[in-house]
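Here are my notes on the model you sent over. Have a look at the structure first, then go through the points in order.

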Amino acid sequence: MSQCLNPDCLQTNSDNAQFCQKCGDKLRLRERYWAKYILGEGGFGRTFLAVDEDKPSKPPCVIKQFLPQAQGTESIQKASELFAQEAQRLEELGKHSQIPELFAYFTSDNRQYLVQEFIDGQNLQTELEQNGVFKESQIRELLQDLLTVLQFVHNNQVIHRDIKPENIIRRNADKKLVLVDFGAAKYIKPVQRSVTGTVIGSAEYCAPEQSMGKPKFISDLYSLGVTCLHLLTQVSPFELYDVMEAEWAWRDFLNGNSVSDELGSILDRLIEPKPKSRYQSVAEVLNCFQPSSPQISVPSSPTPNFTPISPPVVPFSKQVTPSRYQRLEALLKGGKWREADEETGKVMCQVAGREEERCLNTESIDNFPCEDLRAIDQLWIKYSKGRFGFSVQKRIYQSLGGTREYDEEIWQKFGDRVGWRRKWRLYYKDWDFTSKAPQGHLPSLWVLGWWGDWVWWVEKDLVRLFSRVETCRM
């Protein structure tokens, strides 16, 4: 089958078709590459599995289509620049056997495309979900294998900025780890030690200085360390950090998975929040892995000398204190979902300065502090075990094709998926305030508007809130 690349069509056609049977667009890019099906999509565009017709073996390849969901000329221009930079980075870095090779970069029908090597294998997130948590020996092999790739990247003056399990693929052919998705990568001039710029990367794995828009080479080491914690525990990095106690608690989530003091110390230093206290280079980390190093296993409970570490997110603003969320955490911890939902609305109105109105408006949604949005979201995710939260709702909405532009059909599908519709809308009393509610059912977001006991929020405001969640890198 052949997939139409027109973003307004995406019709599936027969293999021998030259033009789309629905919209009439040509199905071959440069008379050479044709897409078979969509592999994935995100904020910058879609990725397709494709075939290279110019080569006798007709090998598979990957087409990345630039299709930003950003709004405004400036945002789209920035996204376009990042897409072009990804092509440039891949051309330089694709010489390494564990980084996808760039085959082509061009514009067709006023849309940007890059074509790159297809890596046949599974990413580590999929591997984790299928096989369970990684053992210490697997984490050691991962670090030693991937650190050499990262050293090559850094030697070429590039910061990856988005290291996470989804961007590490174990290649089927040789079981080597391949580092992919350089869409967030940043080139650093040799005279610079860090760079100030756009905040980019996945919040769960993002180093504090990168979250502040000032990434360093060692920010990648931090993300790699957090990746290892997730693979050891199969728990979201957000949940591994106790927001109210302001400390990491990853050892509490090992559930019998033994980790030696030596590896534990390496991981602790990788995720040090202060850049000066972290490993200063890839070589320094590699030096810790000596063949003769003893590997003594210890129980999964916290060690007596464990030092609390700061979270992998932007810290609270000066106007925000953890005490603001003590009642919310207590309610969530006790499984009092309705009370927690109501407390969430009250806290959000307090943060936005709209306590009297008891609801948010367009301006307050667009400017809602990311620190507060993250703090509330992390508490919901932690105590619902990933079932409820703003970021959960946003991911479901995007998985249905939702963007920053309101679409009634997609919105109705979303409402059905999370259980927010019964013919149309629910009375607040009809909400399911139990842990068995559909994924994404809570928070109810009544804070965006209600009348008596009738939740009547404007769908466009909800889409706007999801856009804010995306902006805050959640």
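**Notes on the model**

1. Start with Glu209: its relative accessibility is 10%, so it counts as buried (buried means under 20% relative accessible area, exposed over 50%, partly exposed in between, with a 1.4 Å probe and protein chains only). Its side chain meets that of Arg278 in a salt bridge, 2.8 Å from N to O (a salt bridge being a side-chain nitrogen of Lys or Arg within 4 Å of a carboxyl oxygen of Asp or Glu). Arg278 is buried as well, at 0% relative accessible area. Arg278 sits in the loop between helix 7 (261–270) and helix 8 (282–286), and Glu209 in helix 4 (residues 208–211), so this pair ties together parts 69 residues apart in sequence.

2. Before going on, a word on what you're looking at. This is a predicted model, where local features need pLDDT of at least 70 and side-chain atom pairs count only at pLDDT 80 or more, while totals for chains, interfaces and linings use all residues. Residues are numbered from 1 along each chain as its sequence is written, and side-chain values use heavy atoms, leaving out hydrogens and water.

3. Arg251 and Asp268 make another salt bridge, at 2.9 Å from N to O. Arg251 lies in the loop between strand 15 (247–248) and helix 7, with Asp268 in helix 7, so the pair ties together parts 17 residues apart in sequence. Both Arg251 and Asp268 are buried.

4. Searching the whole structure gives 20 salt bridges.

5. Now the sheet: 6 strands form an open, antiparallel one in the order 3-4-5-6-8-7. Strand 3 (28–29) and strand 7 (102–108) are the edges, each pairing on one side only. Strands pair if DSSP finds at least two bridges between them; helices (H or I, at least four residues) and strands (E, at least two) are DSSP runs numbered from the N terminus.

6. Finally, the overall picture. The protein has 15 helices and 17 strands, and 52% of its 474 residues count as buried. Of the contacts (heavy atoms within 4.5 Å) with a separation of 6 or more, 61% are between residues 24 or more positions apart.
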